[in-house]
Amino acid sequence: MGKNLSADPCELQDRGRYRRKVHRCLDTLARMLTDGSFSFPRKNIGLEVEFNLVDAELRPSMTNTTVLEALDDPSFTTELGQHNLELNVPPRPLAGDSALQLEDDLRAYLDAAGRKADESGASLAMIGILPTLRHEHFDQKWLTNNARYSLLNDRIFAARGERTVLSMEGAPLPGRQPERLRSYSESILPEAACTSVQLHLQVAPEEFAAHWNAAQALAGVQIAVGANSPFLLGKTLWHETRIPLFLQATDTRPEELKNQGVRPRVWFGERWITSIFDLFEENVRYFPGLLPETDREDPIEALDSGQAPKLTELRMHNGTVWRWNRPVYDVVDGLPHLRVENRVLPSGPTVIDMVANAAFFYGAQRALAEADRPVWTQMSFQAAEENMYAGARRGFDAQLYWPGIGWIPPDELVLRVLLPLAHEGLRRSDVSDEARERYLGVIEQRCLTRRTGSAWQREYVLRAEERGAERETALNRMLSRYLELSATGTPVHTWSLEA
């Protein structure tokens with residue numbers, strides 16, 4: 001795992017072996033899709049939450065291994081940075097009161113993590129980007145002590161051959177000029193600044209393309225109404241700064257390759273699809289392996305013997321192409337299945353906000369996927385991508401394109417079009433009326449008040465600065481108040497801006 005990336009003949013052999021194995025995995029997947037090899041008893045959902053650990057001064061607390069050992073719970077795992085942890089909530093069906101139980105379970109998991117963090121002198125912060133991060137927190141020494149993270153860091157920098165450039169211009173605070181960030185990093189730790197919520201939906205192979213296309217069409221509005229990452233390295237940037245930051249932090253392309261149109265590994269994609277195979281095939285065709293490890297399984301032999309092949313190399317490769325909506329192949333209890341992994345949303349601000357974001361996504365996704373005239377037959381793929389970047393940059397102030405309407409603000413699009421669709425999609429999924437009204441009611445009120453986590457953070461900092469606070473002081477005060485309000489569990493649209 002830790003060997004040098006020079007012109008080592010073993011390394012060259014490893015890459016050739018890995019490429020051949022990935023293609024064999026791809027052939028196996030194609031056969032499985034043709035033969036109907038997938039088990040699909042019901043649509044299970046899953047959820048991952050990444051969060052930060054902060055110390056008494058609200059700076060990153062590099063204690064994730066200590067907290068993880070104290071938790072002793074396989075639902076929690078490390079992430080890239082030593083101030084990050086990830087929670088993987090056990091999968092469950094969407095129907096009935098499952099969302100209500102998900103909210104209870106999430107709160108219980110996070111309360112337990114909070115208690116163990118407190119014993120280590122740290123606290124949990126569920127926020128898209130920790131606003132107290134400084135450049136020194138991107139030093140490679142703060143990578144989590146895991147050989148895979150170090151190797152991934154080395155591979156990305158070897159491919160790029162130069163430092164990471166962080167360059168973006170923000171959406172200005174009211175009455176202010178836009179702020180610009182220009183910074184460098186010699187590690188991939190800026191990626192660890194991005195803490196997100198990942199939503200999983202298990203789907204049948206024949207339904208995958210419709211659900212993935214629907215998720216792509218929803219990405220822009222999802223981000224606009226769920227934004228929670230407006231500050232980075234002291235600058236006011238995008239409402240959801242995670243989007244450009246993740247792209248830049250993991251970019252393997254030097255400027256020359258960008259100029260040639262080589263695709264980034266953090267990728268929206270470039271076309272609507274007709275099969276999940278399209279996505280895996282694109283990943284193999286366009287992106288070289290970053291972690292060229294192989295196992296001994298011959299996937300075709302495993303399939304011929306009646307086993308579910310692990311497709312280890314294909315899954316490893318897929319995990320190093322960070323699509324905003326990622327295809328997932330997995331094997332659970334010996335049965336293979338497929339999932340859509342939605343990766344656009346930030347962590348926080350509260351448990352109920354995150355569950356509301358999930359309910360809105362699952363409901364609207366199903367309604368769009370089952371529509372008589374799919375939305376992706378009425379709009380270009382480029383329009384969907386532009387919506388994502390517009391929603392990330394400007395939040396509720398964005399103008400999004402939607403077929404039959406034209407350009408429309410995200411709050412109006414949700415209230416007029418997507419919220420009714422989300423209600424219908426959750427009804428078709430047999431979600432209880434109580435759960436449906438509770439969580440979609442949160443989305444409705446968020447749109448009526450036009451207050452996301454990002455909007456609240458920006459306004460709080462603006463007010464603090466207008467009262468004379470310097471930016472660093474304003475960010476610290478804001479984060480302190482944010483954590484107090486987050487701990488109450490009340491949704492962000494109800495938060496006060498008073499200190």
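Start with what counts as a hole here: on a 1 Å grid over the protein atoms alone, a cavity is a set of points where a 1.4 Å probe fits but cannot get out, while a pocket is an open set with protein on both sides within 12 Å along at least five of seven lines. Lining residues are those with an atom within 4 Å of a point. Grid points are joined across faces, edges and corners, and a volume is the space filled by probe spheres set on the points.

Two housekeeping notes before you click. This is a predicted model, where local features need pLDDT of at least 70 and side-chain atom pairs count only at pLDDT 80 or more, though totals for chains, interfaces and linings use all residues. Residues are numbered from 1 along each chain as its sequence is written, and side-chain values use heavy atoms, with hydrogens and water left out.

**Stop 1: the largest cavity**

Searching the whole structure turns up five cavities of 30 Å³ or more. For the largest, with a volume of about 70 Å³, select Arg160, Glu162, Arg163, Thr164, Val165, Gln248, Asp251, Arg253, Pro254, Glu255 and Lys258. Two elements, β5 and α7 (255-259), each give two or more residues to this lining; helices (H or I, at least four residues) and strands (E, at least two) are DSSP runs, numbered from the N terminus. Colour the lining by class and you get seven charged, two polar and two nonpolar residues. The classes work like this: Ala, Val, Leu, Ile, Met, Phe, Trp, Tyr, Cys and Pro are nonpolar, Asp, Glu, Lys and Arg are charged, and the others, Gly among them, are polar.

Now zoom in on Thr164, one of those lining residues, in strand β5 (residues 164-169). Is Thr164 buried or exposed? Thr164 counts as buried because its relative accessibility is 0%; buried means under 20% relative accessible area, exposed over 50%, and partly exposed in between (1.4 Å probe, protein chains only). Show the side chains of Thr164 and Arg160, and you'll find a polar contact of 2.5 Å joining them. A polar contact is a pair of N or O atoms within 3.5 Å; within protein, one must be able to donate a hydrogen and the other to accept it, and residues adjacent in sequence count only if both atoms are side-chain atoms. Skip the neighbours within four places in sequence, and Thr164 is in contact (heavy atoms within 4.5 Å) with Phe157, Ser183, Tyr184, Ser185, Ser187, Gln248 and Ala249.

**Stop 2: the second largest cavity**

This one has a volume of about 50 Å³. Select Ile45, Gly46, Leu47, Val89, Pro90, Arg92, Leu102 and Tyr362 to see its lining. Here β1 (44-54) and β3 (84-93) are the elements giving two or more residues. By class, the lining of the second largest cavity splits into six nonpolar, one polar and one charged.

**Stop 3: the second largest pocket**

Next, an open one: the second largest pocket has a volume of about 390 Å³. Its lining has 16 residues, and Leu110, Asp111, Met126, Ser486 and Ala487 lie nearest the centre. The elements contributing two or more residues are α3 (98-119), β4 (123-125) and α16 (471-488), with α3 giving the largest share, six residues. Eight of the lining residues are nonpolar, four polar and four charged.

**Stop 4: helix α13**

Where does helix α13 (residues 410-428) bend? Centre on Leu418: the bend there is about 50 degrees, and Pro420 follows within four residues. That bend is the angle between axes fitted to the seven residues ending there and the seven starting there. Buried residues of α13 include Leu413, Val414, Leu418 and Leu419, and their cover includes α5 (205-226), α11 (351-369) and α14 (433-449). Just past the helix, Asp430 takes a positive phi of about 65 degrees.

Go back to Pro410, which lies in α13 and is buried at 0% relative accessible area. Beyond its neighbours within four places in sequence, Pro410 is in contact with Val221, Ala224, Val225, Gly395, Phe396, Ala398 and Leu400. Finish on Pro409, in the loop between β15 and α13, which is buried at 16% and touches Phe396, Ala398 and Gln399, not counting residues up to four places away in sequence.
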